[in-house]
Amino acid sequence: MELSTASDVLTVHGGTALSGEVRVRGAKNLVPKAMVAALLGHGTSVLHNVPQISDVRIVTGLLEAHGVSVTRGAPGPDGEPSDTLILDPASVEQASDTAVEAHAGTSRIPVLFCGPLLHRLGRAFIPDLGGCKIGDRPIDFHLDALRAFGAVVEKRPEGLLISAPERLRGTQIRLPYPSVGATEQVLLTAVLAEGVTELSNAATEPEIVDLIAVLQKMGAIISVHNGRVIRIIGVDQLGGFTHRAIPDRLETASWACAALATGGDIRVIGAAQGEMMTFLNVFRRIGGDFEVDDTPGEPSIRFWHSGGQMRALALETDVYPGLSTDWQQPLVVALTQAHGLSIIHETVYEQRLGFTDALNRMGAQIQLYRECLGGSACRFGQRNFMHSAVISGPTKLHGAELTIPDLRAGFSYLIAALAAQGTSTVHGISLIRRGYEDFEAKLSALGADVELGLGA
Ligand SMILES: CC(=O)N[C@H]1[C@@H](OP(=O)(O)OP(=O)(O)OC[C@H]2O[C@@H](n3ccc(=O)[nH]c3=O)[C@H](O)[C@@H]2O)O[C@H](CO)[C@@H](O)[C@@H]1O
Ligand SMILES: C=C(OP(=O)(O)O)C(=O)O
């Protein structure tokens with residue numbers, strides 16, 4: 001068992017139905033990328049609805065190392081911190097490699113600095129990436145795309161050195177798989193490249209569409225066509241933007257699953273229906289109830305479990321508009337309470353079901369398989385990865401000592417601990433801070449019996 005500091009442990013006394021309201025802000029998978037986009041502009045950018053999560057702090061540090069000024073708006077009348085960031089790239093400069101290396105292993109975002117830095121400075125040093133350890137997560141599509149634009153990529157022991165001997169040129173790129181990050185890499189590079197770029201087999205997640213909206217506000221010309229094709233006409237200069245980030249659909253689903261698994265009732269303020277439709281269908285089929293409130297400026301979705309038997313289901317994760325892989329882990333916890341056999345086929349990451357071992361220690365019955373269960377064959381079927389699961393339910397969960405392996409699994413462990421009888425000690429909660437703002441306070445406000453540290 002790893003030793004962790006008191007602030008990195010949460011003691012959870014389970015068995016309470018969570019009830020009340022929580023607020024979600026801008027999407028973790030959009031906000032840091034919009035911040036990187038600000039590097040491309042010659043004016044100041046203003047980003048609203050920014051959550052206080054560690055991925056935002058990491059990108060702030062990287063931008064500051066490159067001379068971008070990042071400031072928060074003034075606090076509200078009640079002293080509440082502003083959720084607006086003001087980004088001024090007027091004095092962009094080459095950061096020292098040491099300053100960049102300090103961010104090694106922290107998140108996936110540093111690789112998206114390539115295009116903006118190549119356009120502004122002709123050189124980008126990219127440290128080793130972090131992010132959730134849920135598969136191999138190579139960046140070969142990113143590097144192939146950068147080379148196609150005319151960049152030169154050198155692998156160094158401490159990271160990647162990428163240079164642009166001359167202005168990058170628009171190009172034709174076909175991604176082997178609709179990768180979110182590689183699509184964003186192409187967008188952030190193509191907007192200032194000379195000529196036209198055509199990207200096929202692109203990802204079209206809502207966060208990508210929102211990034212396109214940001215870039216269009218800056219002066220970019222980007223069109224999305226049928227069949228996963230994105231066309232970008234490069235321009236010579238971009239300005240700043242003012243934008244409100246789309247709500248975090250992944251955090252929203254996590255709270256929905258917490259309501260379902262604990263038999264509770266949670267209104268998620270700030271959540272919008274549009275990006276949640278695939279999840280909402282699954283939620284309803286499992287036996288959850290929800291109600292959408294479209295009040296302009298203050299939308300919300302209320303999720304609850306009205307007490308009937310939850311139903312088992314066969315699910316497969318996929319690229320958008322399929323079921324997001326980041327919804328899978330909280331849904332697995334909810335499905336431990338469903339009657340019958342549920343099947344999960346994880347097709348986006350080859351190693352995203354390992355977290356189920358800990359759920360089995362809590363009393364769940366989840367069996368992993370190498371085969372593609374439940375329908376279509378995926379990239380992992382022939383490669384010996386445990387990427388399908390069969391969940392038998394319902395099972396009573398009991399408290400346990402848990403160590404968080406990644407962001408979504410971490411929040412899912414909290415849901416399981418809250419649904420369980422008895423006390424759980426959850427180590428490594430700082431990983432959850434990557435994507436869930438102020439989650440301990442939100443849990444307490446919903447009536448959860450949780451305390452920071454090892455408990456009394
Ligand atoms: C910060 C962020 O936005 N993270 C999200 C982003 O991650 P991220 O952008 O890293 O995920 P990708 O969509 O790129 O990865 C999807 C698949 O493509 C593979 N791949 C990707 C790039 C590459 O160069 N080579 C390659 O083989 C990956 O190993 C994975 O199997 O999209 C994922 C899929 O929706 C989400 O789970 C993550 O929450
Ligand atoms: C996998 C995730 O994030 P990242 O890509 O930042 O590791 C996630 O948000 O669930």
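1. The domain bounds used in this note come from an automatic or database domain assignment. The model is predicted. The protein chain is divided into domain 1, made of 6-24 and 247-452, and domain 2, made of 31-244. Ligand 1 lies between domain 1 and domain 2, because both give residues to the shell around it.

2. On the domain pair: the centres of domain 1 and domain 2, taken over C-alpha atoms, are separated by 29 Å. Domain 1 puts 17 residues into the contact and domain 2 puts in 15 residues. On the side of domain 1 that touches domain 2, there are 9 charged, 6 nonpolar and 2 polar residues.

3. On ligand 1: there are 22 residues around it, and those that come nearest are Asn 29, Phe 141, Ser 179, Val 180 and Gly 181. Three helices, α5 (140-148), α6 (180-190) and α10 (325-335), each supply at least two residues of this shell. Sorted by class, the shell around ligand 1 holds 9 nonpolar, 7 polar and 6 charged residues.

4. The residues around ligand 2 are Lys 28, Ser 107, Arg 108, Gly 131, Cys 132, Leu 250, Asp 326, Leu 407, Arg 408 and Gly 435. By class they divide into 4 charged, 3 polar and 3 nonpolar.

5. On helix α2: residues 54-65 form this helix of 12 residues, which reaches 17 Å from its first C-alpha to its last, close to the 16 Å expected at 1.5 Å a residue. Its buried residues are Asp 55, Val 56, Val 59, Leu 62 and Leu 63. Seen down the axis of α2, these buried residues fall within an arc of 125°, so they line one face of the helix. They pack against α1 (31-37), β4 (69-72), β5 (85-88) and α3 (97-101). Gly 67, which follows α2, has a positive phi near 90°.

6. On helix α12: how many of its 13 residues are buried? The count is 13 of 13, and the helix is mostly covered.

7. Is Asp 210 buried or exposed? The cut-off for a buried residue is 20 or more other C-beta atoms within 10 Å. Asp 210 has 22 other C-beta atoms within 10 Å, so it is buried. Not counting residues up to four places away in sequence, Asp 210 touches Leu 30, Ala 245 and Ile 246. Asp 210 and Ala 27 are 183 residues apart in sequence, while their C-alpha atoms are 9.9 Å apart in space.

8. On Ala 124: this residue is in strand β6 (residues 123-127). Ala 124 has 28 other C-beta atoms within 10 Å and is therefore buried. Leaving aside neighbours within four places in sequence, Ala 124 is in contact with Phe 113, Cys 114, Leu 117, Leu 118 and Ile 162. Leu 161 is 37 residues from Ala 124 in sequence and 6.0 Å from it in space, C-alpha to C-alpha.

9. On backbone geometry: most residues other than glycine have a negative phi, and most peptide bonds are trans. The following entries should be read against that background. A cis peptide bond joins Tyr 320 and Pro 321, with omega about 10°, and Pro 321 lies in the loop between β18 (314-316) and α10. The peptide bond from Gly 393 to Pro 394 is cis, with omega near 0°; Pro 394 is in the loop between β21 (388-393) and β22 (401-403).

10. On positive phi at residues that are not glycine: Asn 384 has a phi of about 65° and is in the loop between β20 (365-369) and β21. With 9 other C-beta atoms within 10 Å, Asn 384 is exposed. Asp 438 has a positive phi of about 50° and is found in the loop between β23 (423-427) and α13 (439-445). Asp 438 has 15 C-beta neighbours inside 10 Å, so it counts as partly exposed.

How values were computed:
Residues numbered from 1 in each chain as written. Chains lettered and ligands numbered in written order. Predicted model: local features only at pLDDT ≥ 70, side-chain atom pairs only at ≥ 80, totals over all residues. Contact = placed C-beta atoms within 7 Å. Nonpolar A, V, L, I, M, F, W, Y, C, P; charged D, E, K, R; others polar. Near = placed C-beta within 6 Å. Helix = DSSP H or I, 4+ residues; strand = E, 2+ residues; numbered from the N terminus. Expected span 1.5 Å × (residues − 1). Buried ≥ 20, exposed ≤ 12 C-beta atoms within 10 Å, placed from the backbone. Arc of directions from axis to C-beta.
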